[in-house]
Each structure stands twice: as C-alpha cells, then as structure tokens.
Amino acid sequence: MSSVPNETGARTCGRCGRTTKARDGVPPRYCATCGQALGAWPGRVRHRFAPPARVPGSAVAALALGFCAFIPFIGLPLGFFALALRGSAKQQIRRSGGQLGGSGIANLGVSLAVLGLVMQLMWYRVGC
Ligand SMILES: [Zn+2]
C-alpha cells in the first residue's frame with residue numbers, strides 16, 4: 001500500500017513518490033526523502049518519523065536572546081527580554097495541546113540568559 005518493490009530492490013514511497021534505491025541488494029526500509037516506512041511494516045512503525053512538533057517563534061527568540069545576554073551592556077536588557085519571552089512561549093506551548101513543542105529550547109534560552117545576566121553583573125562589579 002505504501003510502497004511498490006521493483007526488480008532492482010528499489011522502492012517507491014507512497015507518501016512523497018520518490019524512489020529509494022536498494023543498498024547492497026537490501027531493499028530500503030525507509031524513504032530516503034521523507035522517512036516514510038516502506039514495505040510490509042506494521043502500522044505503528046509507519047508513524048515513527050512523524051514530523052516533529054512545531055516550535056513557537058518566541059521559544060526560538062528566547063534562545064537567541066539568551067545568547068545575546070552575554071554581550072556587554074546590551075545583553076542586560078536582552079537577557080530580561082529572554083526571560084519574558086520564555087513565559088509567553090511556555091503559554092503558547094501549553095495552549096496548543098501538543099501541537100507546539102520547543103519548551104526545551106525556551107528553557108535553554110532562559111538558562112543562557114540567566115548565565116549571561118550573572119556574568120554581566122559580575123563584570124559590572126569587577127569592571128568599573
Ligand atoms: Zn517519501
């Protein structure tokens with residue numbers, strides 16, 4: 001149903017229509033293009049490569065700002081902004097009911113932001 005084996009061992013993907021060639025005479029188990037399971041596989045395996053959950057932009061922004069928190073002077077406000085964005089990212093993820101992922105990304109951004117802010121504060125104290 002999802003694939004058509006042919007004489008060379010190559011299989012055509014039922015999802016994207018691309019043909020994945022056999023390697024060392026062994027027919028491919030998964031589509032090289034989209035990851036669709038090929039051949040007579042149990043239904044549960046077919047969703048093994050389900051597309052990953054989408055990540056809200058605020059989570060990515062929190063991560064980016066977390067990195068920016070290490071920049072002297074401008075990093076201070078950016079770090080706090082990352083903390084604020086993380087809150088909205090978490091809220092979006094919670095409300096999406098599993099449609100959105102990326103809370104790990106938001107957490108990483110916040111960890112970086114906190115680390116950056118601490119470094120900034122130490123730098124201000126030691127510096128001036
Ligand atoms: Zn495919």
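Trainee: Over which residues does pLDDT stay under 50?

Mentor: First the idea: pLDDT is the predictor's confidence in each residue, from 0 to 100. Here pLDDT stays under 50 over residues 41-45, for which the model has two contacts beyond four places in sequence. Two residues are in contact if their C-beta atoms, placed from the backbone, lie within 7 Å. Where pLDDT is low, the predicted coordinates should not be read in detail. This is a predicted model, in which local features need pLDDT of at least 70 and side-chain atom pairs count only at pLDDT 80 or more, while totals for chains, interfaces and linings use all residues. Residues are numbered from 1 along each chain as its sequence is written.

Trainee: Where in the protein is confidence lowest, and where is it highest?

Mentor: Confidence is lowest in helix α1 (residues 43-46), with a mean of 48, and highest in α2, at 90. The average pLDDT of the protein is 80, and 80% of the residues score at least 70.

Trainee: How many helices and strands are there?

Mentor: Helices (H or I, at least four residues) and strands (E, at least two) are DSSP runs, numbered from the N terminus. The protein has four helices and three strands, and from the N terminus on they run β-β-β-α-α-α-α.

Trainee: Which residues of α2 are buried?

Mentor: A residue is buried if 20 or more other C-beta atoms lie within 10 Å of its own, exposed if 12 or fewer, and partly exposed in between, with C-beta atoms placed from the backbone. In α2, the buried ones are S58, A59, A62, L63, L65 and G66. Looking down the axis of α2, these buried residues fall within an arc of 170°, so they line one face of the helix. The arc is that of the directions from the helix axis to the C-beta atoms. As background, an α-helix has 3.6 residues a turn, so residues three or four places apart point the same way.

Trainee: What span should the 21 residues of α3 have?

Mentor: The expected span of a helix is 1.5 Å times one less than its number of residues. For α3 that gives 30 Å, and its end C-alpha atoms are 30 Å apart, which agrees. Buried in α3 are G75, L78, G79, A82, L85, R86, A89 and I93. Down the axis of α3, its buried residues fall within an arc of 125°, so they line one face of the helix. On the other side of α3, P77, Q91, R94 and R95 are exposed. Just after α3, G97 has a positive phi of about 60°.

Trainee: Which residues have the most contacts inside the largest nonpolar core?

Mentor: A nonpolar core is a set of buried Ala, Val, Leu, Ile, Met, Phe, Trp, Tyr and Cys residues joined through C-beta atoms within 7 Å. The largest one has 16 residues, and A62, L65, A69, A82 and A113 have the most contacts inside it. Helices α2 (57-68), α3 (75-95) and α4 (103-126) each supply at least two of its residues, with α4 giving the largest share, six residues. Beyond its neighbours within four places in sequence, A69 is in contact with residues including G79, A82, A113 and L117.

Trainee: Is F73 buried or exposed?

Mentor: F73, in the loop between α2 and α3, is exposed because 10 other C-beta atoms lie within 10 Å. The C-alpha atoms of F73 and Y124 are separated by 9.3 Å, although these residues are 51 residues apart along the chain.
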